[in-house]
Amino acid sequence: MTVMAKKIIILNGSPRPKGNTASLVAEFAKGAKEANCEVTVFELDKMDIHGCKGCFGGGKDSEHPCVQRDDMEKIYPVYRGADVVVLATPLYYWNFSGQLRTAFDRLFAVAECDPNYRNPQKESVLLMAAEGYGFDDALSYYKNLIKHLGWKELGTVLAGGVMKVGDIQGHKELKDAYELGKAVAGGNGL
């Protein structure tokens with residue numbers, strides 16, 4: 001019996017292309033690719049993504065689920081085909097970065113394609129880096145979000161004490177991200 005390789009979409013909400021969140025993403029992706037997963041990373045800060053208008057006008061065209069035409073058009077087909085959604089973000093004011101929140105809000109247009117506004121069923125991972133260690137509020141938000149969506153949580157890697165670019169080097173969370181990437185291939189988290 002052949003196991004299908006999982007398709008993974010990583011939404012990186014960090015504005016720093018070589019920052020600590022990017023290091024977590026790189027290690028997770030490396031582990032997932034070594035486990036024969038297909039990984040697509042979107043660097044949200046480099047993309048032209050506008051905020052959700054709350055118009056409930058999406059869902060009429062599955063090829064273009066949102067009424068807005070911006071770089072979300074690149075994300076929608078990969079998101080629809082993904083088995084696993086990885087949310088990667090620095091901790092900003094006890095929550096996800098604005099870049100990640102904006103893109104994630106816009107994924108609602110895909111749910112609008114379903115007459116009952118059901119979200120596609122996915123598995124999920126959270127990768128997060130922060131100057132401090134106050135992850136509780138962000139983790140609570142994430143767990144409630146995943147519960148609401150009906151997604152299966154595969155694991156989290158929370159790297160605290162990493163403010164400056166490169167601070168994460170030598171931290172065990174890089175290995176944790178790599179191992180989680182490998183584990184996700186089997187549908188198991190850490």
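Reader: What are the ground rules here?
Author: Residues are numbered from 1 along each chain as its sequence is written, and side-chain values use heavy atoms, leaving out hydrogens and water. Since the model is predicted, local features need pLDDT of at least 70 and side-chain atom pairs count only at pLDDT 80 or more, while totals for chains, interfaces and linings use all residues.

Reader: Is Asn-12 buried or exposed?
Author: Asn-12 sits in strand β1; strands are DSSP E runs of at least two residues and helices H or I runs of at least four, numbered from the N terminus. Buried means under 20% relative accessible area, exposed over 50%, partly exposed in between (1.4 Å probe, protein chains only). Asn-12 has 0% relative accessibility, so it counts as buried.

Reader: Which side chain makes a polar contact of 2.9 Å with Asn-12?
Author: A polar contact is a pair of N or O atoms within 3.5 Å; within protein, one must be able to donate a hydrogen and the other to accept it, and residues adjacent in sequence count only if both atoms are side-chain atoms. For Asn-12, the partner is Glu-43.

Reader: Where does Phe-56 lie, being exposed?
Author: Phe-56 counts as exposed because its relative accessible area is 53%. Its place is the loop between β2 (38–43) and α2 (72–81).
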